[in-house]
Amino acid sequence: MKTYKAAIFDMDGTLVDTLADLHDSVNEMLEHYDFPRRTLDEVRQFVGNGARKLIGRSLPADKSDFVDEALNFYNGCYARNCLKKVKPYAGIMELLAALEAKKIPLGICTNKQHFAAVDITEKILAPIKFSYVSGDESNQPRKPDPTRALEGAKKFGVAAEDVAYFGDTAVDIQTALNAGFLPIGVTWGFRPRSELVESGAKIIIDSPLEIFDRITFA
């Protein structure tokens with residue numbers, strides 16, 4: 001059985017449940033501009049491609065030229081809200097602790113705003129130490145472009161084929177495939193199992209610790 005030497009994770013829908021805070025922030029923005037609110041399930045479908053796409057999808061169809069202003073306001077809302085309701089998924093802290101005990105380098109590569117990714121990592125996922133955290137910044141490409149994910153592997157000093165990448169959406173699976181990582185789909189997040197299958201996940205798990213029955217880390 002092949003041994004994997006590093007693990008990189010998506011954040012929203014994979015490590016932590018951020019949906020309530022995202023939903024609250026989107027609706028705070030929409031209410032500010034007197035636009036119709038979005039449901040929780042709508043926001044669940046809108047996330048995955050970064051905050052700009054989230055806001056573009058959340059705005060009324062005839063407001064596509066309003067994204068920059070709305071995004072700026074939304075970022076302020078989410079900066080206030082991003083730690084209010086977020087929590088790790090069941091079993092995630094145990095998974096991370098087990099990998100840390102094996103001295104497996106841990107990273108995060110997400111399309112979430114970088115400031116929020118760092119805040120959640122330091123305040124919600126502590127005391128786990130991540131060697132690499134990469135969120136969305138204006139000068140960097142977004143997933144499924146593999147550039148930022150590959151920077152993590154380079155920092156760890158491991159080959160791409162030795163990295164396991166965990167995610168809950170097609171964007172995550174495409175990122176892993178583009179990077180040459182092992183693409184692992186998780187079913188507890190924001191998208192259905194069918195999306196993970198169709199996008200090419202090599203392994204799909206229903207609970208975090210299940211991964212140790214499927215692959216070896218060392």
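Start with helices H3 and H4, which are roughly perpendicular to each other because angles of 65 to 115 degrees count as roughly perpendicular, under 35 as roughly parallel, over 145 as roughly antiparallel and the rest as oblique. Helices (H or I, at least four residues) and strands (E, at least two) are DSSP runs, numbered from the N terminus. Select 51-58 for H3 and 67-81 for H4. Their axes come within 9 Å and cross at roughly 115 degrees. Axes here are lines fitted to C-alpha atoms, for helices over the stretch in contact, and angles run from 0 to 180 degrees between N-to-C directions. H3 passes H4 in a right-handed crossing; a crossing is right-handed if the near helix is turned clockwise from the far one by less than a right angle, and left-handed if anticlockwise.

This is a predicted model, in which local features need pLDDT of at least 70 and side-chain atom pairs count only at pLDDT 80 or more, while totals for chains, interfaces and linings use all residues. Residues are numbered from 1 along each chain as its sequence is written, and side-chain values use heavy atoms, with hydrogens and water left out.

H1 passes H4 in a right-handed crossing. Against H3, H1 packs at an angle of about 55 degrees, with the axes 11 Å apart. H1 and H3 are therefore oblique to each other as well, and their crossing is right-handed.

**The pocket**

Which residues line the largest pocket? Select Ala51, Arg52, Leu71, Asn75, Gln113, Phe115, Asp136, Glu137, Ser138 and Arg142. H3 and H4 are the elements that give two or more residues to this lining. The volume of the largest pocket is about 170 Å³. By class, its lining has 3 nonpolar, 3 polar and 4 charged residues. Ala, Val, Leu, Ile, Met, Phe, Trp, Tyr, Cys and Pro count as nonpolar, Asp, Glu, Lys and Arg as charged, and the others, Gly among them, as polar.

Pockets and cavities are found on a 1 Å grid over the protein atoms alone: a cavity is a set of points where a 1.4 Å probe fits but cannot get out, and a pocket is an open set with protein on both sides within 12 Å along at least five of seven lines; lining residues have an atom within 4 Å of a point. Grid points are joined across faces, edges and corners, and a volume is the space filled by probe spheres set on the points.

**The cavity**

The count comes to 1 cavity of 30 Å³ or more. The largest cavity has a volume of about 210 Å³. Of the 21 residues that line it, Asp12, Val47, Gly48, Asn111 and Lys112 lie nearest its centre. Select H3, strand S5 (106-113) and helix H8 (170-179) to see the elements that give two or more residues to this lining. S5 gives the most, with 4 residues. The lining has 7 nonpolar, 7 polar and 7 charged residues.

**The sheet**

Next, show the strands. An open sheet is formed by 6 strands in the order S6-S5-S2-S7-S8-S9, with parallel pairing. Two strands pair if DSSP finds at least two bridges between them. Strands S6 (132-136) and S9 (203-205) stand at the edges, each with a single partner strand, so one side of each is left without a neighbour in the sheet. From one strand to the next the twist averages 20 degrees.

Within the sheet, select S7 (residues 163-167) and S8 (residues 182-186), which run parallel and are joined by 4 bridges. Tyrosine 165 stands opposite proline 183 in S8.

Select proline 127, in the loop between helix H6 (114-123) and S6. The peptide bond to proline 127 from alanine 126 is cis, with omega near 10 degrees.

Proline 144 lies in the loop between S6 and helix H7 (147-156). The bond from lysine 143 to proline 144 is also cis, with omega near 15 degrees.

End at aspartate 34, in the loop between H1 and helix H2 (40-46). Its phi is near 60 degrees, a positive value in a residue other than glycine.
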